[in-house]
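Here is a short briefing for a first look. Please keep the sequence and the 3D view open while you read.

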Amino acid sequence: MKNRILFTGGGTGGHVYPALAVIERMNKENWDIAWIGSTEGMERGILEKTDIPYYGIPSGKLRRYVSLKNFTDLFRIAAGFFRSFYLLRKLKPQILFSKGGFVSVPPVMAAYFLRIPVFTHDSDIAPGLATRINARFAHRILLSSEESGKFFPLRLRDKIIVTGNPVRKSLFSGDRDTARTMTGAPEGKPVILVMGGSLGAEQINRLIFDNIDRLTEKYFIIHQTGEKNFRALEKENYYGVPFFNEELAHIFALSDLVVSRAGAGALWEFAAAGLPSLLIPLESGSRGEQVRNAEVFVEKECSLMLRGKIDGETFLDTIANIVDNEKKLAGMKAAAAEAGKSDGAALISRIIEEVI
Ligand SMILES: CC(=O)N[C@H]1[C@@H](OP(=O)(O)OP(=O)(O)OC[C@H]2O[C@@H](n3ccc(=O)[nH]c3=O)[C@H](O)[C@@H]2O)O[C@H](CO)[C@@H](O)[C@@H]1O
């Protein structure tokens, strides 16, 4: 008989794609796999493109500031807990795997009450609040980096396993020619991929649009804007989309440098693809996790970081200092490949198999 594992997590792509990388490695002959996510979260759209069954629960956000929504969300969180409890009793999984995000807290608590072992993974150097809550109820706490351990109380630390970040294998089967045909990128011009994280990044979009003439004079720009800020810009040496699906693998294969936010999932993917990056971390309205993520990759010498208010001149000079300097670019590429060589997905799928 097959074992069953339920995955949970969502809110942004960073709480979904690494778990899909684990699923990619699991032996489907041995496992039935399903996902618990929010009824209206972005994870639903991602999962519905796969053949993984999806169960929606009501979900609320845990905010650090006072808001009327905190009150209504308390009811949604409670409803999410009861719905999770019902689903776990019905589906009887052997394991619940959480990839974090607020939606994961009610299923994790319900699993704890039903004595179903919970594995929780976090990609960020400074793990999110949901993971820190889930950690108390977890059988094992899986982390991408050693330095994340210090964010957990001493009594939980013997549950920690440093696994690295799971990265989708399918991202590395890309083909440069397919990417050239898709984007129209000519031979001979360096290709810069601009990514704003799963939701897009207004600050980065502004830097690109404000400096588009000077950028496209020297480089071919491939720009992921996010759904909210997509602009159908028709311009030579520019290719823009709101979001990349599987074609991202081809785009990775073609790119020389990535300009990006510093979401943890993306940073590990760039490293695994041997891609140097210029990082512009999200700072305002966040708990600073992207700055910490970026610092670690700067230390590994595969990334540079720009912070705060960035003017066009600084932006263009920093790009030129990397791309126009062959030796520097090659050094950063090698450092990225070195940083990304651990295979988190394989290790995590082995850890899961060993529980049964
Ligand atoms: C605003 C916000 O809350 N950001 C957080 C969120 O970022 P975000 O959701 O942007 O997360 P990541 O950068 O970790 O991952 C983005 C994922 O989306 C994929 N992708 C992105 C663009 C695209 O067009 N196609 C595509 O497939 C990437 O390949 C990657 O797998 O989770 C991260 C991991 O916990 C955190 O570090 C970030 O701080």
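Which residues does Thr-318 touch, not counting residues up to four places away in sequence? Thr-318 touches Leu-278, Leu-304 and Leu-306, where contact means heavy atoms within 4.5 Å.

This is a predicted model, in which local features need pLDDT of at least 70, side-chain atom pairs count only at pLDDT 80 or more, and totals for chains, interfaces and linings use all residues. Residues are numbered from 1 along each chain as its sequence is written, and side-chain values use heavy atoms, with hydrogens and water left out.

**Domains**
- The chain is assigned domain 1 (3-167 + 342-355) and domain 2 (170-339); such bounds come from an automatic or database domain assignment.
- The C-alpha centres of domain 1 and domain 2 are 28 Å apart.
- Domain 1 brings 20 residues to the contact, and domain 2 brings 17 residues.

**The interface**
- Domain 1 and domain 2 bury about 1,500 Å² between them. Buried area is the accessible area (1.4 Å probe) that two parts lose on being put together, summed over both.
- Carbon and sulfur atoms carry 59% of that buried area.
- On the domain 1 side, Asp-124, Ile-125 and Val-167 lose the most area to domain 2. Together they make up 31% of what that side buries.
- Between the two domains the count is 1 salt bridge, meaning a side-chain nitrogen of Lys or Arg within 4 Å of a carboxyl oxygen of Asp or Glu.
- Asp-124 and Arg-287 meet through their side chains in a salt bridge (3.5 Å, N to O).
- The domain 1 side that touches domain 2 has 7 nonpolar, 8 polar and 5 charged residues. Here Ala, Val, Leu, Ile, Met, Phe, Trp, Tyr, Cys and Pro count as nonpolar, Asp, Glu, Lys and Arg as charged, and the others, Gly among them, as polar.

**Thr-318**
- Thr-318 sits in helix α12 (residues 312-323). Helices (H or I, at least four residues) and strands (E, at least two) are DSSP runs, numbered from the N terminus.
- Thr-318 has a relative accessible area of 14%, so it is buried. Buried means under 20%, exposed over 50%, and partly exposed in between (1.4 Å probe, protein chains only).

**Val-162**
- Val-162 belongs to strand β7 (residues 160-162).
- Val-162 is partly exposed, because its relative accessibility is 33%.
- Val-162 and Ser-145 are 17 residues apart along the chain, yet their C-alpha atoms are separated by 6.0 Å.
- Beyond its neighbours within four places in sequence, Val-162 contacts Leu-143, Ser-144, Ser-145, Glu-146 and Leu-347.
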